[in-house]
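Have the sequence open alongside as you read.

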Amino acid sequence: MPSQPRDTRRAWIKENIHFFSMFLKNPKTVGALFPSSRSLTGAMIREGGDLHKSKLIVELGVGTGVLTGHLAEQLPKTCDFFALELNPVFAQQVQEALPHLTIYEDSAAHINDYLERHHASHVDTIYSGIPWANIPPSVQLDILKSIHESLRPGGKFITFAYTHSYYFRTASNFRDLLEERFSSLEVSPIVWKNIPPAVIYTCVK
Ligand SMILES: C[S@@+](CC[C@H](N)C(=O)[O-])C[C@H]1O[C@@H](n2cnc3c(N)ncnc32)[C@H](O)[C@@H]1O
């Protein structure tokens, strides 16, 4: 962690302990020992491009809200946002921490059910921290169908994979699905400042 004032450091430690305890309760769906670093979330946001050109951004799997908070710092007033999070504790906590954003407690497979409420027919960019390597192929497919259907043509889907699980069967199955569905898939260089290190997938519909 970079050098930070004591209160910030305390909050960071508390958040990590909380995330780790949620991992112990739900190892498969939480899928990581620690939340993403700001290096990883910053690189993901940059992959999304100019936020001012977006009307609606969606995040899937907010966890303790690292990416959500980072996005909130940069989100223009003209851009709407909602997130879907399966875990009720995470969903409620992030909603309380960021009351101006909308966090629904629901599965990422249901993006399309929320578009009307946000007066949108499509999403410009979808960011996701869902632990794909822990998810069975049939569930990966359901969620990816929802992502692909809800994105506008040219819209981006941005997610990440941990390097240690890159060659797991479920992880390569997920990459195959991305290649089949999207017109392009780019894999970033390794983001080392994350526990564990990760690569970012940027997919264009
Ligand atoms: C590894 S954590 C990532 C959290 C955060 N985005 C980050 O990068 O630190 C994965 C999160 O995805 C959520 N999740 C897993 N499957 C999901 C699904 N099908 N729909 C919505 N959220 C899901 C988990 O509950 C967990 O909060």
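Predicted model: local features only at pLDDT ≥ 70, side-chain atom pairs only at ≥ 80, totals over all residues.

Residues are numbered from 1 along each chain as its sequence is written, and side-chain values use heavy atoms, with hydrogens and water left out.

Helix α5 covers residues 88–97, and Phe-90, Ala-91 and Val-94 are buried in it. Viewed down the axis of α5, the buried residues fall within an arc of 100°, so they line one face of the helix; the arc is that of the directions from the helix axis to the C-beta atoms. An α-helix has 3.6 residues a turn, so residues three or four places apart point the same way. "Buried" means under 20% relative accessible area, "exposed" over 50%, and "partly exposed" in between (1.4 Å probe, protein chains only). Helices (H or I, at least four residues) and strands (E, at least two) are DSSP runs, numbered from the N terminus.

## Two salt bridges

How many salt bridges does a search of the whole structure find? It finds two, a salt bridge being a side-chain nitrogen of Lys or Arg within 4 Å of a carboxyl oxygen of Asp or Glu. One joins the side chains of Arg-38 and Glu-73 at 3.0 Å, N to O. This pair ties together distant parts of the chain, with Arg-38 in helix α3 (residues 38–48) and Glu-73 in helix α4 (residues 66–74), 35 residues apart. Arg-38 is partly exposed at 46% relative accessibility, and Glu-73 is exposed at 53%.

Asp-124 and Arg-152 form a salt bridge too, at 2.7 Å, N to O. Here the link is between strand β4, which holds Asp-124, and strand β5 (residues 151–162), which holds Arg-152, 28 residues apart. Is Asp-124 buried or exposed? Asp-124 counts as buried because its relative accessibility is 9%, whereas Arg-152 is partly exposed at 33%.

## What α3 packs against

The buried residues of α3 are Leu-40, Thr-41, Gly-42, Ala-43, Met-44, Ile-45 and Gly-48. They pack against α4, β4, β5 and β7 (198–204), with contact meaning heavy atoms within 4.5 Å. Gly-49 follows α3 and has a positive phi, near 85°.

## Two buried loop residues

Look next at Ser-107, in the loop between β3 (102–105) and α6 (112–115). Ser-107 counts as buried because its relative accessibility is 18%. A polar atom of the Ser-107 side chain lies 3.0 Å from the backbone nitrogen of Ala-109. Setting aside neighbours within four places in sequence, Ser-107 is in contact with Leu-84 and Leu-86.

Pro-131 sits in the loop between β4 (123–128) and α7 (137–150), and is buried at 13% relative accessibility. Pro-131 and Thr-29 are 102 residues apart in sequence, yet 6.7 Å apart in space, C-alpha to C-alpha.

Definitions and conventions
Polar contact = N/O pair within 3.5 Å; in protein donor to acceptor, adjacent residues only side chain to side chain.
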